[in-house]
Amino acid sequence: MTATTFTVNNRSYAHPGVPVVVICIDGSEPDYHQKAVEAGRMPWLAEVLASGRGSSWEGHCAMPALTNPNNVSIATGHPPAVHGISGNYIFDTSTGEEVLMNDKRFLRAPTIFGAANEAGLDVVIVTAKDKLRRLLGAGVVEDGPSLDGSGEFVSPTRRGICFSAEKADQATVQDNGITDVLELVGKPLPDVYSAELSVFALAAGVEILRTRGADLMYLSLTDYIQHKNAPGTEAANALYEQIDLYAAQLEQLGAIVILTADHGMSAKTDETGTAKVVFVEDEVRRILGTAGAEPGSDGLRVILPITDPYTVHHGALGSFASVHLPEGADRDSTIEALRAIEGIQSVHTREQAASTFSLPADRIGDIVVLAEAGTAVGRYAEWHDLSGLDAPLRSHGALGELQIPFLINRVLPEPAPLDEPWGRTAHIHNYDAFWVGTTLVSEQLRTSAVTAG
């Protein structure tokens, strides 16, 4: 393994010559690992931080605080305005259809993984849920956006590894760069609605590093546990105990290990455990004077970008909504009326939201609605399938779920505070993870060598 530099999306990366592993703990607000450490369930992380051989900084995720936008932000080193993935789900104005943003055709920028792969580094990506596989594998195991910025999709000149724990039994060398994953990991195929899905992804990363090696590795977990269990509960602590166990093994194999998250998580219930929901589409119809109109008949469309195939997690109730108004509707008066609704934190025009939160303006609505941390937003009650919710609603999407952990098993200088007026003061974005693990570590190694010399 030799040190290699590469540039992608106007950021330069200098690989430090040892494996760099980023673990994205889906839905991990900082209280999860903090309470697990306090309970003695994360001894490796506790030792890394207490011994002074690691760093921990307050972090912010990209907006919206959702899985697809943030995983692709980590993969590209930039927020959605650059890579184009504005949610798990959008209204595609070019086709007039509501679609999942799981397809790589929505990518507007190449990934760090693709650039590292082309630079000759061995890249491994393991996702828990299959919905991320094609987005993250573009440029590694299949065609992806060209590194020249042309937007053309080109085939990689060499292949890495990219597969999901959800469909690990279907992985092939041709499609995923690896086969016989279940045999390699020594675990059965996990259920998609289980903690074992995340554990499988972690175990796969360890076994691949142990048996085949890797220069750059990304392990993206699932937030099934976080959607159902608060920080400090037994189920949460049990999962974080496993994360700690596998992180320790990755370190033993020589890896720089970064723990971060794609977004936080908040309870969306009142004191009785009943979900607190503002049904935005109903509210907009009330404001426009069209209450009672059949959804889809009046040109109004509310998009909840949290929507994905995994309805048991959240029933498509998040805290971020995108409103496409019918022709002729008064946007300004609608915004003012929405701002007056209890549980709504802020409401923005398309232009304001794109500028403030670094979003692609053509992939959001005329209005963007953000709920407070303790409130969820929906379309209208009949649209949501809540039959799978068997625990008080916990979800994410907006500023209440902005705060995320950022921990690394290296001592590094703390970056300057981010120029962002929301949330607690933070020093890093989750999408800086691979830059920190490669370039910042390499710079610190050079500085240490000069000082020692």
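Visitor: In which sense do strand 4 and strand 22 pair, and over how many bridges?

Guide: In this predicted model, strand 4 and strand 22 (residues 428-429) pair in the parallel sense over two bridges. Gly59 stands opposite Ile428 in strand 22.

Visitor: What makes two bridges count as pairing for strand 4 and strand 22?

Guide: Pairing requires at least two bridges between the strands.

Visitor: In which sense does strand 4 pair with strand 21?

Guide: Strand 4 (residues 55-60) pairs with strand 21 (residues 403-408) in the antiparallel sense, over six bridges. Ser55 stands opposite Ile408 in strand 21.

Visitor: Why is helix 1 called roughly perpendicular to helix 11?

Guide: Helix 1 (residues 30-38) packs against helix 11 (residues 234-252) at an angle of about 85°, and their axes are 9 Å apart. Angles of 65 to 115 degrees count as roughly perpendicular, and therefore helix 1 is described as roughly perpendicular to helix 11.

Visitor: Which residues meet where helix 1 and helix 11 are in contact?

Guide: From helix 1, Tyr32, His33, Lys35 and Ala36 meet Ala236, Asn237 and Tyr240 of helix 11. By class, this contact has four nonpolar, two polar and one charged residues.

Visitor: Why is helix 9 called roughly parallel to helix 11?

Guide: The axes of helix 9 (residues 196-211) and helix 11 cross at roughly 5° and come within 10 Å. The limit for roughly parallel is an angle under 35 degrees, so helix 9 is roughly parallel to helix 11.

Visitor: Which residues of helix 9 and helix 11 meet?

Guide: Helix 9 contributes Ser198, Val199, Leu202, Ala203, Gly205, Val206, Leu209 and Arg210, which meet Leu239, Gln242, Ile243, Tyr246, Gln249 and Leu250 of helix 11. The residues of this contact divide into nine nonpolar, four polar and one charged.

Visitor: How many cavities of 30 Å³ or more does the structure hold, and how much space lies in the largest cavity?

Guide: The structure holds three cavities of 30 Å³ or more, and about 80 Å³ of space lies in the largest cavity. Its lining comprises 13 residues, of which Ile90, Ile303, Ser322, Arg363 and Ile364 are the closest to its centre.

Conventions: Residues are numbered from 1 along each chain as its sequence is written. This is a predicted model: local features need pLDDT of at least 70, side-chain atom pairs count only at pLDDT 80 or more; totals for chains, interfaces and linings use all residues. Side-chain values use heavy atoms; hydrogens and water are left out. Axes are lines fitted to C-alpha atoms, for helices over the stretch in contact, and angles run from 0 to 180 degrees between N-to-C directions. Helices (H or I, at least four residues) and strands (E, at least two) are DSSP runs, numbered from the N terminus. Angles under 35 degrees count as roughly parallel, over 145 as roughly antiparallel, 65 to 115 as roughly perpendicular and the rest as oblique. Contact means heavy atoms within 4.5 Å. Ala, Val, Leu, Ile, Met, Phe, Trp, Tyr, Cys and Pro count as nonpolar, Asp, Glu, Lys and Arg as charged, and the others, Gly among them, as polar. On a 1 Å grid over the protein atoms alone, a cavity is a set of points where a 1.4 Å probe fits but cannot get out, and a pocket is an open set with protein on both sides within 12 Å along at least five of seven lines; lining residues have an atom within 4 Å of a point. Grid points are joined across faces, edges and corners, and a volume is the space filled by probe spheres set on the points.
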